[in-house]
Amino acid sequence: MTPPADSKKYWLDDPHNVTKLFRGLWIACGLLIGIDLFLHRHEDFEFATVFGFHGAYGFFACVALVLAAKQLRKVLMRPEDYYDRDRHDR
Amino acid sequence: MTGNFPVALVLILGAVLIPLLPGLLRKAWMLALPVIAFGYLLAIPHGLHGQVELLGQTLTLMRVDKLSFLFGTIFLLAALLSVIYALHVDDTMQHVAGLVYAGAAIGAVFAGDLMTLFIYWELTAVSSVLLVWARRGEHSAATGMRYVIVQLLSGMFLLAGALMHWRATGSLEFGHIGLSGTAGLLILIGFGIKSAFPFLHNWLMDAYPEATPTGTVFLSAFTTKLGIYALARGFAGTEELVWIGTLMAAFPIFYAVIENDLRRVLAYSMNNQLGFMVVGIGIGTELALNGAVAHAFADIIFKGLLFMSMGAVLLRTGTIKGSELGGLYKSMPWTTGFCIVGAASISAFPLFSGFVTKSMIMSAAAMEGMTFNWLVLLFASAGVFHHAGIKIPYFAFFAHDSGIRCQEAPRNMLAAMGIAAALCIGIGVFPGALYALLPYTVNYEPYTASHVVAQTQLLFYSALAFAVLMRTGIYPPELKSVNLDSDWLYRKAGWGFVVTFRLALTETRAGLAELIEARRLAIADFVTRHRRPEGLLMRSWPTGSMALWVMVLLLANLAFFYLR
């Protein structure tokens with residue numbers, strides 16, 4: 001990492017503040033799921049009214065997405081000049 | 001006003017004047033063109049205008065109805081925003097190409113028959129490729145060539161289908177076509193290439209990230225949405241589209257997670273958004289069609305905004321690779337803010353434009369009882385937040401500090417982004433204005449407590465997943481790489497086939513030539529052996545031997561008669 005040209009410190013530069021944000025996100029998620037205790041959500045599908053359905057679906061969908069994409073890299077990833085290499089052989 | 005003069009020609013003919021105008025006047029003229037065109041469009045009553053008789057067919061140059069008016073409006077708005085964004089560029093070719101391209105797309109939207117549609121369809125291809133070539137490198141030259149070949153091919157499918165449709169129905173009118181018969185299938189393939197159907201999609205990820213920073217903003221608005229308009233006009237309610245759209249919404253997000261070029265990530269997420277629209281068109285109910293075209297409207301603005309913010313980063317830093325960027329919020333705070341608004345809109349956060357449009361498609365799918373499709377679309381909704389909503393702003397503006405310190409984007413770029421961001425929020429907060437423009441009456445309330453809570457939960461837990469994966473180090477890092485997609489078939493396999501085939505052909509020809517040469521030598525040898533001066537057939541014989549042989553023959557004759 002090259003040293004920044006300016007020495008100004010930003011709030012996000014402090015790792016403690018990033019941790020604070022991370023904890024804040026957990027708290028926000030906890031509060032949001034708490035709403036399900038009080039609000040009976042009207043849904044088009046019966047299964048979607050289950051407590052925490054959308055939260056759980058969002059979380060696990062994203063984890064599955066990233067893990068699957070990581071595996072896909074093994075099959076799909078090539079060096080950056082993959083398509084350029086044989087252009088010069090023409 | 002009669003409206004016989006096509007709105008498209010205001011932009012196309014106006015663009016021709018651009019090179020003739022000096023400095024400031026040129027900028028004023030470019031800004032005025034979309035405004036003049038829109039004022040003119042407002043003055044035209046709904047109906048058929050500009051009808052021309054040609055070869056016994058009536059061509060309709062201007063069909064103004066709710067659907068074409070909506071797309072005409074958003075295309076003119078996109079043209080204006082793109083012009084503002086590109087105002088600082090000192091390259092006349094790009095300005096002319098951009099406005100002709102916008103004009104062609106608008107002409108196609110107002111085309112009332114398939115022949116007029118075809119002509120404008122091809123003009124969008126030819127004018128837009130100039131925005132790729134305007135980057136002026138060996139790489140963009142090759143990419144542009146691939147792009148324009150695919151685009152013109154789409155036009156060929158449309159033309160072939162249109163001619164068959166004409167023979168079958170006796171009319172060239174561009175109304176509902178449907179998937180009955182070969183004509184419908186050919187036209188659907190033509191539209192499908194423009195709308196980036198799976199396996200016909202790769203021109204999008206190939207070409208858009210290779211255009212100039214401002215060119216990509218133009219490109220993102222028109223070609224694919226023209227495809228969506230044409231599908232909504234010709235194939236509403238075609239059930240196959242539900243499945244095509246579901247696949248389109250799902251598979252590009254896997255690519256988006258591992259892609260390093262951030263403008264290419266946006267191209268993948270555009271493909272995913274087009275999937276939602278195609279599903280809406282496939283369902284074909286009033287709610288679904290309203291949702292599809294409303295989402296196209298919102299998408300042009302928020303996707304344009306995202307491409308603008310990434311274009312500004314590319315302009316200022318010279319790179320758009322996630323692996324090389326980070327910490328730019330310190331240098332480009334305004335661009336960061338506008339990018340986040342675009343990210344929130346595409347992710348469909350409540351109070352942003354995506355929320356009020358995408359939810360119509362989701363609800364329409366649920367009402368038709370399409371459980372599986374609905375679940376896939378919900379997965380795609382979480383995924384789009386993950387890769388476009390978080391990944392784009394995170395890797396460009398936050399993540400680890402790359403040490404890059406640059407200037408904030410030029411003022412005209414900030415102005416364009418500011419207007420687009422305001423529109424994103426405006427549509428999200430006051431959806432009624434957009435709903436009033438939709439082709440069917442809207443009886444839909446996006447802001448119910450259940451819906452807001454459900455969507456917020458989905459998005460926050462997706463963000464939590466990102467944060468957890470990031471902090472545990474499971475999230476795949478940005479790597480310098482390219483990922484194989486269907487363009488591999490023609491860029492690698494096809495090319496390999498050509499190379500191998502050419503090699504085989506050369507070798508066969510060489511082998512054949514060798515064989516022929518050997519045979520030729522053998523024949524020549526045989527001929528010369530018998531016909532050379534001392535050869536068997538060319539030898540001179542003494543007269544005595546001739547007399548001897550005649551005597552032998554006569555004796556043989558005598559003996560024959562004597563013995564008989």
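## Where the chains meet

In this predicted model, 42 residues of chain A are in contact with 45 residues of chain B. Several elements of chain B build its side of the meeting. Five of them each supply at least two residues: α10 (240-258), α14 (353-367), α15 (371-397), α18 (449-471) and β3 (482-483). The largest share comes from α18(B), with 18 residues. By residue type, the side of chain B that touches chain A divides into 26 nonpolar, 13 polar and 6 charged residues.

Strands also link the chains. Strand β1 of chain A, residues 77-78, is joined to β3(B) by 2 bridges. The two strands run antiparallel. One pairing can be named: A:R78 has B:V482 in β3(B) as its bridge partner.

## Two domains in chain B

The domain assignment divides part of chain B in two. Domain 1 covers 236-478, and domain 2 covers 491-563. How many Å separate the C-alpha centres of domain 1 and domain 2 of chain B? The centres lie 79 Å apart.

Now look at strands β1 and β2 of chain B. Strand β1(B) spans residues 47-54, and strand β2(B) spans residues 57-64. They pair in the antiparallel sense over 7 bridges. Among the partners are B:G47 and, in β2(B), B:V64.

Helix α1 of chain B runs over residues 7-17. Which of its residues are buried? They are B:V7, B:A8, B:V10, B:L11, B:I12, B:G14 and B:A15.

## A glycine in a loop

B:G178 lies in the loop between α6 (138-169) and α7 (181-194) of chain B. Why does B:G178 count as partly exposed? The reason is a neighbour count: B:G178 has 15 C-beta neighbours inside 10 Å. A residue needs 20 or more to be buried, and 12 or fewer to be exposed. B:G178 falls in between, so it is partly exposed.

B:G178 and B:F235 are 57 residues apart in sequence. In space, they are 5.0 Å apart, C-alpha to C-alpha. Leaving aside neighbours within four places in sequence, B:G178 is in contact with B:G184, B:F235 and B:T238.

Methods: Residues are numbered from 1 along each chain as its sequence is written. Chains are lettered from A and ligands numbered from 1 in the order in which they are written. This is a predicted model: local features need pLDDT of at least 70, side-chain atom pairs count only at pLDDT 80 or more; totals for chains, interfaces and linings use all residues. Two residues are in contact if their C-beta atoms, placed from the backbone, lie within 7 Å. Helices (H or I, at least four residues) and strands (E, at least two) are DSSP runs, numbered from the N terminus. Ala, Val, Leu, Ile, Met, Phe, Trp, Tyr, Cys and Pro count as nonpolar, Asp, Glu, Lys and Arg as charged, and the others, Gly among them, as polar. Two strands pair if DSSP finds at least two bridges between them. Domain bounds come from an automatic or database domain assignment.
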